[in-house]
Amino acid sequence: MSLRRKCFARNLDNINAHHHSLYFGIKPLNKTKVRRVAAAPAAARVAQSTSFESLDRIDRAILRQLQTDASISNVALAAKVKLSAPACLRRVERLKESGMIRGVVALIDPKSAGAGMLVIIGVVLDRSTPESFAEFEKAAQKVPGCMECHVVTGEFDYFMTIRTRDSDSFNRLHAEQLLYLPGVRQIRSFMVLKEILSTTRFPL
């Protein structure tokens with residue numbers, strides 16, 4: 001073989017070796033990407049397993065009964081949903097662990113607790129900055145009788161619902177605390193004359 005052909009063959013071998021190393025250098029990266037993509041549906045399946053759509057008819061029956069009376073015994077609950085007591089208990093515990101059941105509480109009658117007046121408040125802040133929102137939200141959680149506080153779209157920045165004894169007690173709360181909430185530019189109060197519907201039950 002001539003010297004020119006030997007040099008050509010040597011260069012061709014070097015090129016092939018270079019391409020070979022690049023191929024095997026990229027291949028593990030492709031495997032990694034495939035593994036990550038394949039792992040995503042598994043995570044989605046875990047999230048889906050705790051979603052409302054994944055509940056079967058027995059889970060929904062359990063939730064309906066517990067929303068009506070959470071103090072019901074496990075034996076009585078199992079009888080109502082036609083399960084054995086151990087199987088019913090396992091389902092309830094699973095619903096709690098998944099976050100579907102956030103807690104079990106007693107609902108107190110507002111009038112009996114001296115909080116018969118319900119007031120809805122619209123709040124407008126003077127600035128729309130993350131700092132002003134955070135400062136207001138922290139302070140709103142400390143307002144006595146504040147039952148709910150929501151960020152909303154439209155004319156107002158927040159809606160709050162407040163429970164208090166009567167109009168006099170609300171006027172004091174308004175003058176002494178609500179007007180001094182940080183960042184507040186305007187507060188509009190709507191006193192509820194009659195509660196048509198107030199429920200904690202979700203349709204299932």
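Buried means under 20% relative accessible area, exposed over 50%, and partly exposed in between (1.4 Å probe, protein chains only). The model is predicted: local features need pLDDT of at least 70, side-chain atom pairs count only at pLDDT 80 or more, and totals for chains, interfaces and linings use all residues. Residues are numbered from 1 along each chain as its sequence is written, and side-chain values use heavy atoms, without hydrogens and water.

**View A. Cysteines without disulfides.** The structure holds zero disulfides (pairs of cysteine sulfur atoms within 2.5 Å). Cys88 is buried, at 0% relative accessibility. Cys146 is partly exposed, at 21%. The closest cysteine sulfur to that of Cys146 belongs to Cys149; at 5.5 Å, it is too far for a bond.

**View B. An open four-stranded sheet.** The strand order is E2-E3-E1-E4, with antiparallel pairing. Strand E2 (146–151) and strand E4 (184–191) stand at the edges; each has a single partner strand, so one side of each lacks a neighbour in the sheet. The twist averages 20° from one strand to the next. Strands are DSSP runs of E, at least two residues, numbered from the N terminus. Two strands pair if DSSP finds at least two bridges between them.

**View C. The E1 and E4 pairing.** Strand E1 (residues 117–125) pairs with E4 in the antiparallel sense over seven bridges. Leu125 stands opposite Val184 in E4.

**View D. The loop residue Phe52.** Phe52 lies in the loop between helix H1 (3–49) and helix H2 (57–68). Helices are DSSP runs of H or I, at least four residues. Phe52 is partly exposed, with a relative accessible area of 33%.

Key
Axes are lines fitted to C-alpha atoms, for helices over the stretch in contact, and angles run from 0 to 180 degrees between N-to-C directions.
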